[in-house]
Amino acid sequence: MIGLYRLLTRWWSAFALAASLALLGAAHAFERFGGLAPCNLCLKQREVYWGAVAVALIATLWAVISRASRGTPRVASFLLFAIFATGMITAGFHAGGEMQLWVLPAACSGGGGEIDLEALAALALGTGEAPRPVMCDAVTWRFAGLSMAGWNTLISGGMALFSLLAAKRPKDARAPRS
């Protein structure tokens, strides 16, 4: 168990990169193949993961170029903590709005789907239907009682915790043994 902890904390940026890309891939797969259009808050949650991809990619490349003599740089782990904590807050706000714990902003409607020029032309000519915006407080998918935003809250929180553990790891995990 200690060996797994050392591996995770030493190479946390690579694990965070893989997890962030997997979560982005899953979100896009739900949209593309599942037909679940994202709302504005869903898109904001994706932006957080794109930020994590950028930081984790740079940190992983740095670790590889420096031959991982010290593993993931601590600064990168702290940045990943801040990014994932932001994602947890954003997803938690979204999940709370879905559960009617608070009112979401009025601007939180309408998703960013693909633009269909034929549908826009039909709408302009009066022969087509107006597209219905995706509302942030409407739950379109649940698993084990949690919406996607609820699961994202848990996942982002776990990733933030692991990022903090990687940043605060003991010195023996940071330096190679001679």
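Biologist: Why is Trp-12 called buried?

Modeller: In this predicted model, Trp-12 has a relative accessibility of 4%. Buried means under 20%, so Trp-12 counts as buried.

Biologist: What makes Trp-12 and Phe-162 a stacked aromatic pair?

Modeller: Their centres lie 5.6 Å apart, with 25° between the planes. Rings pair if their centres lie within 6.5 Å, and planes under 30 degrees apart count as stacked; therefore the pair is called stacked. Trp-12 is in helix 2 and Phe-162 in helix 6, 150 residues apart, and the pair thus links distant parts of the chain.

Biologist: Why is Phe-162 called partly exposed?

Modeller: Its relative accessibility is 36%. Partly exposed covers the range between the buried limit of 20% and the exposed limit of 50%, so Phe-162 counts as partly exposed.

Biologist: What makes Phe-93 and Trp-102 a stacked pair?

Modeller: The distance is 6.1 Å centre to centre, and the angle between the planes is 10°. Because the centres must lie within 6.5 Å and the planes under 30 degrees apart, this pair is stacked. Phe-93, with a relative accessible area of 33%, is partly exposed, and Trp-102, at 38%, is partly exposed too.

Biologist: Which residues form a nonpolar patch on the surface?

Modeller: Phe-93, Met-99, Leu-101 and Trp-102 form the patch, with about 430 Å² of accessible area together.

Biologist: Why is Leu-101 called exposed?

Modeller: Leu-101 has a relative accessible area of 58%. Exposed means over 50%, so the term applies to Leu-101. Leu-101 lies in the loop between helix 4 and helix 5.

Biologist: Which residues have the most contacts inside the largest nonpolar core?

Modeller: They are Trp-12, Ala-16, Ala-52, Ala-56, Leu-80, Ile-83 and Phe-84, in a core of 17 residues. Helices 2, 3, 4 and 6 each give two or more residues to this core, and the largest share, six residues, comes from helix 3. Leaving aside neighbours within four places in sequence, Ile-83 is in contact with Val-48, Gly-51, Ala-52 and Val-55.

Biologist: How do you know that Ala-91 is buried?

Modeller: Ala-91, found in helix 4, has a relative accessibility of 0%. The limit for buried is under 20%, so Ala-91 counts as buried. Not counting residues up to four places away in sequence, Ala-91 touches Gln-45, Ala-149, Asn-152 and Thr-153. The C-alpha atoms of Ala-91 and Met-148 are separated by 8.7 Å, although these residues are 57 residues apart along the chain.

Definitions and conventions
Residues numbered from 1 in each chain as written. Predicted model: local features only at pLDDT ≥ 70, side-chain atom pairs only at ≥ 80, totals over all residues. Heavy atoms only, no water. Core = buried A, V, L, I, M, F, W, Y, C linked by side-chain atoms within 4.5 Å. Buried < 20%, exposed > 50% of the residue type's maximum accessible area, 1.4 Å probe, protein only. Helix = DSSP H or I, 4+ residues; strand = E, 2+ residues; numbered from the N terminus. Contact = heavy atoms within 4.5 Å. Patch = residues over 30% accessible without salt bridge, like charges linked within 9 Å, V, L, I, M, F, W, Y side chains within 5 Å. Areas by Shrake-Rupley, 256 points an atom, 1.4 Å probe, with all protein chains shown as cover. Salt bridge = Lys/Arg side-chain N within 4 Å of Asp/Glu carboxyl O. Phe/Tyr/Trp six-rings, centres within 6.5 Å; stacked < 30°, edge-to-face > 60°.
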